[in-house]
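Open the model in your viewer and keep the selection tool at hand. This tour moves from one selection to the next and says what is there.

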Amino acid sequence: MENTSDYRYRRAKEKVAEIKGFYGNLLAYCLVIPFLIYINYQTTSFPWAFFPAFGWGLGLLGHAANAFDYNPFFGKDWERRKLEEFMKNDEL
């Protein structure tokens, strides 16, 4: 059985890996999207670079919310309340 300090260390290491992954994704976004905009500007008048910028940007927002534990709908407080509710219902 895993002891508490090993569990906490493993969770902290996973969290650091999630945040590191987000920053890698952000760096790629900041490098690729301007390149796509440049290609778009040089080749056509239709602003097609908006579509990958918007789609990847939405994915990046989701990645940030996951990496930094931000969830306005199902946050930690909601999770705690639901756990307490289910535990209370199981007692009956």
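Begin with A53. Setting aside neighbours within four places in sequence, A53 is in contact with Y29 and I33, where contact means heavy atoms within 4.5 Å. A53 sits in helix α2. Helices here are DSSP runs (H or I, at least four residues), numbered from the N terminus. A53 is buried, at a relative accessible area of 17%. Buried means under 20% relative accessible area, exposed means over 50%, and partly exposed is in between, with a 1.4 Å probe and protein chains only.

Residues are numbered from 1 along each chain as its sequence is written, and side-chain values use heavy atoms, with hydrogens and water left out.

Colour by pLDDT, the predictor's confidence in each residue, from 0 to 100. The chain has a mean of 89, and 97% of its residues reach 70 or more. Confidence is highest in α2, at 95, and lowest in helix α3 (residues 76-91), at a mean of 81. Where pLDDT is low, the predicted coordinates should not be read in detail.

**Helix α1**

Select residues 4-43, which are α1. This helix has 40 residues. From first C-alpha to last, α1 reaches 58 Å, close to the 58 Å expected at 1.5 Å a residue. The expected span is 1.5 Å times one less than the number of residues.

Which residues of α1 are buried? Pick F22, N25, Y29, I33, L36 and N40. Their cover includes α2. An α-helix has 3.6 residues a turn, so residues three or four places apart point the same way.

Stay on N40, in helix α1. N40 counts as buried at 8% relative accessibility. Beyond four places in sequence, N40 is in contact with F46, P47, W48 and A49.

Go to F46, in the loop between α1 and α2 (50-67). F46 is partly exposed, with a relative accessible area of 47%.

**Salt bridges**

How many salt bridges does the whole structure hold? The search finds six. Each is a side-chain nitrogen of Lys or Arg within 4 Å of a carboxyl oxygen of Asp or Glu.

Show K15 and D69. Their side chains meet in a salt bridge, 2.9 Å from N to O. This pair links distant parts of the chain: K15 is in helix α1 and D69 in the loop between α2 and α3, 54 residues apart.

Check the backbone of D69. D69 has a positive phi of about 55 degrees, although it is not a glycine. Most residues other than glycine have a negative phi. D69 is partly exposed, at 49% relative accessible area.

Move to R10 and E14. They form a salt bridge, with the closest N and O atoms 3.2 Å apart. Both lie in helix α1, four residues apart, about one turn of the helix. E14 is partly exposed at 33% relative accessibility, and R10 is partly exposed at 35%.

Next, R80 and E84. Their salt bridge is 3.3 Å, N to O. About one helical turn separates R80 and E84, because they are four residues apart in helix α3. R80 is partly exposed at 41%, and E84 is partly exposed at 46%.

**Last stop**

Select K20, in helix α1. Is K20 buried or exposed? K20 counts as exposed, at 65% relative accessibility. K20 and A67 are 47 residues apart in sequence and 8.7 Å apart in space, C-alpha to C-alpha.

Notes. This is a predicted model: local features need pLDDT of at least 70, side-chain atom pairs count only at pLDDT 80 or more; totals for chains, interfaces and linings use all residues. Helices (H or I, at least four residues) and strands (E, at least two) are DSSP runs, numbered from the N terminus.
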